[in-house]
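Thanks for coming. I will go through one structure, starting with a helix, then the sheet, the cores and the aromatic rings.

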Amino acid sequence: MRQRNHSNLVLSSHLPFQSLFLATSLLSIFPSHLPSNFSINRMEGSTGMSETWPMVERNGTQLLTKDEPFVIHGFNTYWLMVFAVDPETRHKITDVFSEAKEVGLNTCRTWAFNDGGWRALQVSPFNYDEVVLQALDFVLSEARKHRIRLILSLCNNWSDYGGRSQYVKWGQESGLDLTSDDDFFSDTTLKSYYKGFIEAVLTRTNTITNIEYKNDATILAWEIINEPRCPSDPSGDTLQAWIEEMSAFVKSIDPVHLVQVGLEGFYGPSTPELMKLNPDDYSGVVGTDFIRNHQAPSIDLASVHIYPDVWLSHSDQDDHIKFVQNWMDQHMSDSKDRLNMPIVFAEFGISIRDERFGAGFRELFMDTVYGTFLRSLETGGLGGGCILWQLFPEGAEHMDDGYAVVLAKYPSTFSLVSLQSKRLSDGAST
């Protein structure tokens, strides 16, 4: 998700979900039972770091830990590393992991990059700030203590936290003739900058746990870039070549951890018959291709985002819900039948600053995402999971882009996420 300025949007009044309505809604779309061997996350213990903690692995369309099914029930909090730099805000990392654990969440997706600028991890090419790296060490150690898996994103398509535009600026400063941010995907020097960063992170030894990142079971997957687009080449060839090269490079250093691209999920030229499912015509010509991109040999997880509030211009809430269901169903079907890999809905969210929506609709939207994925599990579908954009602890609201979910302020949302956790956990014994 690109962090956008929503200051021109009107904050919707809070539309509370009544407990009875929420329970009825959930029961209507959640499956009545799950496969007998299903588990949200079976592990040896809930606290401490002394027990063996198995890696999350992939077997075809399923995720496993020690041959037991593992389903991602997650949240995004992108700013953890930056907050961990400052001792005055570091406790927020512990707070958000504690709150996530309380409602049964088991996975966090967060940024493991900050390119140039304030509190940069990558100050300049091949130059990394040890203080910020130690902050990332802290994030990993706290996640491990709370038994929260991490999906670590390594770059941004957007300029927030540097991203590919910062790489292009560094290249221009070194004398390269670069004219577009899309040069990030093709210029040999810029690719060497990125590979240097990947190697520095993956081979790092955590100063707190003394575990090398590439051997740390806390990390569920590496994401090579958040929401890549390359509109200068709508054929998709440029981005496809970059995905294949960089995912293979990650695997050459770390053959153990899973790798995902970080796509929004738009269909492209390889499947013209599916492009009508995109939210608009432009989505099909931005250089991405859901099917082709995920056929890169070193990619393990299909990644998709869901933002009907941004993608759809009209305000009909029923149409938004139908879009979500169709978007998820098609991508789950394709991940199973065409790609043979698990799927991660790595970002899904609604901004309650959008005057068309409020907290009540956001919960209905979350309910729909959770229920649609659970129906797939009930019918023996593919593995993977869903990751909410985004969970905030109290006291971090100044970072809110309109999508922040502060569970302490929305008891019905707390109940919704907890109920999803219960449905997943109950599946282990039914």
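Start at helix H5, where the buried residues are Gly163, Arg164, Ser165, Gln166, Tyr167, Val168, Trp170 and Gly171. Buried here means under 20% relative accessible area, with exposed being over 50% and partly exposed in between, using a 1.4 Å probe and protein chains only. H5 covers residues 163-173, and eight of its eleven residues are buried, which makes the helix mostly covered. Helices are DSSP runs of H or I with at least four residues, strands are runs of E with at least two, and both are numbered from the N terminus.

Before going on, the provenance. This is a predicted model, so local features need pLDDT of at least 70 and side-chain atom pairs count only at pLDDT 80 or more, while totals for chains, interfaces and linings use all residues. Residues are numbered from 1 along each chain as its sequence is written, and side-chain values use heavy atoms, with hydrogens and water left out.

Back to H5. What covers its buried residues includes strand E6 (122-124) and helix H6 (188-202), where contact means heavy atoms within 4.5 Å. Just after H5, Gly175 has a positive phi of about 100°.

Now the sheet. It is open, has eight strands in the order E10-E9-E8-E5-E4-E13-E12-E11, and the pairing is parallel. Two strands pair if DSSP finds at least two bridges between them. Strand E10 (258-260) and E11 stand at the edges with a single partner strand each, so one side of each has no neighbour in the sheet. Direction ignored, neighbouring strands are turned by 25° against each other on average; axes are lines fitted to C-alpha atoms, for helices over the stretch in contact, and angles run from 0 to 180 degrees between N-to-C directions.

How buried is strand E12? Six of the six residues of E12 (343-348) are buried, so the strand is largely enclosed by the rest of the structure. On one pairing, E12 meets strand E11 (302-306) over five parallel bridges, with Ile306 bridged to Phe348. On another, E12 meets strand E13 (384-389) over four parallel bridges, and Phe345 stands opposite Cys386. E12, helix H11 (359-378) and E13 form a right-handed β-α-β unit: with the strands pointing away from the viewer, the path from the first strand over the helix to the second runs clockwise. Elsewhere in the sheet, strands E8 (149-153) and E9 (219-223) pair over four parallel bridges, and Leu152 has Trp222 as its bridge partner.

Next, the cores. A nonpolar core is a set of buried Ala, Val, Leu, Ile, Met, Phe, Trp, Tyr and Cys residues joined through side-chain atoms within 4.5 Å. The largest has 114 residues, of which Phe97, Tyr194 and Trp242 touch the most other members. A second, separate core has twelve residues, among them Val56, Leu63, Leu301 and Ile387.

Last, the rings. Rings of Phe, Tyr and Trp (its six-membered ring) pair if their centres lie within 6.5 Å; planes under 30 degrees apart are stacked, over 60 edge-to-face, and the rest tilted. That rule gives 31 aromatic pairs. For Trp311 and Phe323 the centres are 6.2 Å apart and the planes at 90°, so this pair is edge-to-face. Trp311 is in helix H9 (308-311) and Phe323 in helix H10 (317-339), so the pair ties together parts twelve residues apart in sequence. Both Trp311 and Phe323 are buried. Trp311 and Trp327 have centres 5.4 Å apart and planes at 70°, so they too are edge-to-face.
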